[in-house]
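Student: Could we go through this structure together? I would like to begin with a single residue and then move to the overall fold.

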Amino acid sequence: MAAPLSGKVCLVTGATRGIGKGIALQLGEAGATVYITGRTLKAKTDATAGTPSGSLTSTAEEIEARGGKCIPVQCDHSDDEQVKKLFEQISTEQNGRLDVLVNNAFSAVTLIAETQGKKFWEMPPTVWDTINNVGLRGHYIASWHAAQMMVPAKQGLIINVSSIGGLKYYFNVAYGVGKAACDRMAADCAFELKKHNVAFVSLWPGAVKTEIFEEARTSDSASKFRDKFLRFVFQYGETIELPGKAVVHLAQDKKIMNKSGRIVLTAELASEYGFTDIDGSTPTNFRQIKSLLNMSGHTWLASVTPSFLKIPFWMLCLTSSKF
């Protein structure tokens, strides 16, 4: 039986580690030709810990080990010229075809961890650029290039990897503004792309058990906030490949234009499309009353609460209303 995405051409930005790597792995496994970008071509080894960092070559090797086709391209998404060359390469090699773009590149993970708890006036103004140059502006630039390939073809899907930080305060001011802008970008780009049959959505994963969190579990640093957060992630989080499964199903959806302009949650998509995480677990749905009761320690009450009871999306929207 043919792989579901056989013949499709996809690009995942920032795919050396974390969510981007998980998405690229699932797209490759589904039969797509996957271009991946990152700043690190080959793995480097930490001299103190002895653990290899993520790299384009290691991600590509893992994709191909699963039978997929991967083309790694070293690219710094803060450099417009490098991004331009990336899309020129894809256009030349794939005869102008690009079916899926996943905007995931983000260069501020370490910065966010290092500045946790600090207020915006206690950090240098450059924090804004570190968080939002690659993570927001870079998404816009990549989408601009992708649209010029997808619009003439009258088909395509663009996905911004965002988070609940676009709805409520999370980590810091620059992060929240950037994620809210990613969500708004998806909505407004979708409005202009609609008549060209190109879809644009914003994807919200849940808590994701990335390599950085795995490494944090074994580090010597300790704090009540850090330890509580890590326990939460590993108790209720999803693997890096669950967002990838969500992207694969979105790419196959014949009615994807019905979702264009919307925010979609990995847990909601898992329920809609009927898939589980790679370890067989069902992802935690933070809209589900049952899940919220379990997380708050009310396990007995959760056991008698129907799974279909959820916090309505309109109620979530009210929490961020400024009127």
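Tutor: Thr319 is exposed, with a relative accessible area of 56%. Exposed means over 50% relative accessible area, buried means under 20%, and partly exposed lies in between (1.4 Å probe, protein chains only). This is a predicted model, in which local features need pLDDT of at least 70 and side-chain atom pairs count only at pLDDT 80 or more, while totals for chains, interfaces and linings use all residues. Residues are numbered from 1 along each chain as its sequence is written, and side-chain values use heavy atoms, with hydrogens and water left out.

Student: Where does Thr319 lie?

Tutor: Thr319 lies in helix 13, residues 313-319. Helices (H or I, at least four residues) and strands (E, at least two) are DSSP runs, numbered from the N terminus.

Student: How far apart are Thr319 and Lys168 in sequence and in space?

Tutor: They are 151 residues apart in sequence, and their C-alpha atoms are 7.8 Å apart.

Student: Let us turn to the whole protein. How many helices and strands are there?

Tutor: The protein has 13 helices and seven strands. Of its 323 residues, 46% count as buried. Its accessible surface comes to about 16,600 Å², and 56% of that belongs to carbon and sulfur atoms. Accessible areas come from the Shrake-Rupley method with a 1.4 Å probe; for residues, only the protein chains shown count as cover.

Student: In what order do the strands form the sheet?

Tutor: Seven strands form an open sheet in the order 3-2-1-4-5-6-7, with parallel pairing. Two strands pair if DSSP finds at least two bridges between them. Strand 3 (69-74) and strand 7 (263-265) stand at the edges, each with a single partner strand, so one side of each has no neighbour in the sheet. On average, neighbouring strands of this sheet are turned by 20° against each other, direction ignored. The axes are lines fitted to C-alpha atoms, for helices over the stretch in contact, and angles run from 0 to 180 degrees between N-to-C directions.

Student: What holds paired strands together in general?

Tutor: Strands of a sheet pair through backbone hydrogen bonds, either parallel or antiparallel.

Student: How many bridges join strand 4 to strand 5?

Tutor: Four bridges join those two parallel strands, and Val100 has Leu157 in strand 5 as its bridge partner. Leu157 also stands opposite Ala199 in strand 6. Strand 5 (residues 156-161) is joined to strand 6 by six bridges, again in parallel. Val161 has Leu203 as its bridge partner in strand 6, and Leu203 stands opposite Val264 in strand 7. Three bridges join strand 6 (residues 198-204) to strand 7.

Student: Is strand 6 enclosed or open to the outside?

Tutor: Seven of the seven residues of strand 6 are buried, so this strand is largely enclosed by the rest of the structure. Val198, Phe200, Ser202 and Trp204 are buried on one side, and Ala199, Val201 and Leu203 are buried on the other. Strand 5 is mostly covered as well, with six of its six residues buried. Gly156, Ile158 and Asn160 point one way from strand 5, while Leu157, Ile159 and Val161 point the other way.

Student: Now for His139. Is it buried or exposed?

Tutor: His139 is buried, with a relative accessible area of 2%. Its place is in helix 5, residues 126-153. Contact means heavy atoms within 4.5 Å, and the residues that His139 touches include Asn103, Asn104, Asn160 and Val161. The side chain of His139 reaches the backbone oxygen of Asn103 at 3.4 Å.

Student: Where is Asn104 found?

Tutor: Asn104 is found in the loop between strand 4 (100-103) and helix 4 (109-114). Asn104 is buried, with a relative accessible area of 12%. The C-alpha atoms of His139 and Asn104 are separated by 7.7 Å, although the two residues are 35 apart along the chain.

Student: Last topic: which residues touch the most other members of the largest nonpolar core?

Tutor: Leu27 and Ile36 do, in a core of 37 residues. A nonpolar core is a set of buried Ala, Val, Leu, Ile, Met, Phe, Trp, Tyr and Cys residues joined through side-chain atoms within 4.5 Å. A second, separate core has 28 residues, among them Cys75, Leu101, Cys189 and Ala190.

Methods
A polar contact is a pair of N or O atoms within 3.5 Å; within protein, one must be able to donate a hydrogen and the other to accept it, and residues adjacent in sequence count only if both atoms are side-chain atoms. Lists of a residue's contacts leave out its neighbours within four places in sequence.
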